[in-house]
Amino acid sequence: MPIVTLTGSSLNVEMSFWERIGSLSSDISVPLTAVVHATDDPSFIRHGLGLRTGGTGMPGFVAEGHFRKNGNRIFANWRRGEQVVVIDLQGQKWDKLAIGCSDAKALATQINTAIAGIANN
């Protein structure tokens with residue numbers, strides 16, 4: 001499962017070696033000013049990620065890689081049994097990040113609190 005961390009000015013998604021291989025991507029770092037909001041969305045993966053443009057996976061079990069759906073560029077790294085946090089971005093390589101985690105609601109709250117703090121400064 002990828003590890004999402006927040007620093008004072010960025011959101012980082014750190015992946016294991018095999019997650020980087022499976023998703024054909026390196027770790028992701030995004031400035032907090034580019035994060036629009038985050039939601040815990042259990043149905044996001046179930047409704048399909050669209051056209052896979054890179055990466056590996058097995059529908060319903062593993063989604064790793066790059067996708068396009070409704071004009072959005074989506075990066076996904078999720079495995080069955082994990083909750084999904086969906087992070088909307090602006091002006092970045094990806095429009096959305098769909099990341100598997102153990103507590104999506106808590107992570108979404110943590111991200112939204114951090115971007116609210118940036119907006120208030």
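This briefing covers the nonpolar cores, the aromatic pairs and a surface patch. The model is predicted. Its largest nonpolar core has 23 residues, and a second, separate core has 11. The whole structure holds 2 aromatic pairs.

**Nonpolar cores**
- In the largest core, the residues that touch the most other members are Leu11, Val13, Val35, Val85, Ile87, Leu97 and Ile111.
- Two or more residues each come from strand 2 (10-14), strand 3 (28-31), strand 4 (35-40), strand 8 (83-89), strand 9 (96-101) and helix 2 (104-120).
- Helix 2 contributes the most, with 5 residues.
- Beyond its neighbours within four places in sequence, Val85 contacts Ala38, Thr39, Leu97, Ala98, Ile99, Cys101, Ala104, Leu107 and Ala108.
- Among the members of the second core are Ile45, Ala63, Ala76 and Val84.

**Aromatic pair Phe75 and Trp94**
- This pair is tilted, at 5.6 Å centre to centre and 50° between the planes.
- Phe75 sits in strand 7 (residues 72-79) and Trp94 in the loop between strand 8 and strand 9, so the pair ties together parts 19 residues apart in sequence.
- Phe75 is buried, at 0% relative accessible area.
- Trp94 also counts as buried, at 10%.

- The ring centres of Phe17 and Trp18 lie 5.0 Å apart; the planes meet at 80°, so the pair is edge-to-face.
- Trp18 belongs to helix 1 (residues 17-23).
- Trp18 is exposed, because its relative accessible area of 62% is over 50%.
- Phe17 is partly exposed, at 48%.
- Together with Ile21, Phe17 and Trp18 form a nonpolar surface patch with about 380 Å² of accessible area.

Terms used. Residues numbered from 1 in each chain as written. Predicted model: local features only at pLDDT ≥ 70, side-chain atom pairs only at ≥ 80, totals over all residues. Heavy atoms only, no water. Patch = residues over 30% accessible without salt bridge, like charges linked within 9 Å, V, L, I, M, F, W, Y side chains within 5 Å. Areas by Shrake-Rupley, 256 points an atom, 1.4 Å probe, with all protein chains shown as cover. Salt bridge = Lys/Arg side-chain N within 4 Å of Asp/Glu carboxyl O. Helix = DSSP H or I, 4+ residues; strand = E, 2+ residues; numbered from the N terminus. Buried < 20%, exposed > 50% of the residue type's maximum accessible area, 1.4 Å probe, protein only. Core = buried A, V, L, I, M, F, W, Y, C linked by side-chain atoms within 4.5 Å. Contact = heavy atoms within 4.5 Å. Phe/Tyr/Trp six-rings, centres within 6.5 Å; stacked < 30°, edge-to-face > 60°.
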